[in-house]
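Here's a short tour of a protein model, written for someone new to reading structures. Have a look at the picture, then read on.

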Amino acid sequence: MRRLAERFGLRHREYANISPTIHGGAESLPSQSPQFLRKRAPFTGCDAGHTSFHVDPFGRASICKIGREPSVDLVRDGPPGLLRLSGISDDLLRRQGGCTGCTLQGTCGTCMPLVQLYRRAKAPLATYCQHQEPRKEVSQ
Ligand code: SF4
């Protein structure tokens with residue numbers, strides 16, 4: 001795929017790390033080849049929900065394909081419902097739960113919605129977090 005993109009002179013981006021499935025299961029993770037895991041660049045924010053969004057086949061719009069809840073029912077609310085996505089994005093991207101107060105946030109490359117999926121999938125900590133032990137969930 002890389003060579004194909006280069007042959008056509010196209011910009012491309014490679015996602016080497018496999019994510020848990022959207023249902024929070026770990027099905028895809030055992031097929032991850034550790035030698036191809038990449039350290040993600042520190043997460044410094046994302047425009048998801050502000051300049052882009054994701055829509056599933058049922059017309060539910062979310063900030064991206066990872067952070068699917070809360071979502072907006074486009075069939076019921078129509079395009080004006082999309083205006084809610086920026087607020088939803090700000091809430092979802094804020095460090096919370098086990099990431100609350102983490103002093104390593106500045107060097108963490110995993111966005112909060114992705115952390116939530118990894119946690120639900122009970123993925124090995126090393127695939128998404130810099131800590132050796134899971135941190136306690138904290139509600140705010
Ligand atoms: S290092 Fe771990 S606990 Fe800290 S922000 Fe990243 S995922 Fe959360």
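First, some housekeeping. This is a predicted model, where local features need pLDDT of at least 70, side-chain atom pairs count only at pLDDT 80 or more, and totals for chains, interfaces and linings use all residues. Residues are numbered from 1 along each chain as its sequence is written.

The protein chain has 4 helices and 3 strands; helices (H or I, at least four residues) and strands (E, at least two) are DSSP runs, numbered from the N terminus. Along the sequence they come in the order α-β-β-β-α-α-α. Here are some whole-chain values:

| Item in the protein chain | Value |
|---|---|
| Box filled by the C-alpha atoms, along the principal axes | roughly 50 × 45 × 30 Å |
| Share of the 140 residues that count as buried | 21% |

Buried means that 20 or more other C-beta atoms, placed from the backbone, lie within 10 Å of the residue's own.

Now zoom in on helix α4, residues 112-120. Its buried residues are Met112, Pro113, Val115, Gln116, Leu117 and Tyr118. What do the buried residues of α4 pack against? They pack against α3 (85-93). Just after α4, Lys122 takes a positive phi of about 55°.

Finally, the ligand: 14 residues surround it, and the closest are Cys99, Cys102, Cys108, Cys129 and Gln130. Being near here means having a C-beta atom, placed from the backbone, within 6 Å.

Technical notes
A residue is buried if 20 or more other C-beta atoms lie within 10 Å of its own, exposed if 12 or fewer, and partly exposed in between; C-beta atoms are placed from the backbone. Two residues are in contact if their C-beta atoms, placed from the backbone, lie within 7 Å.
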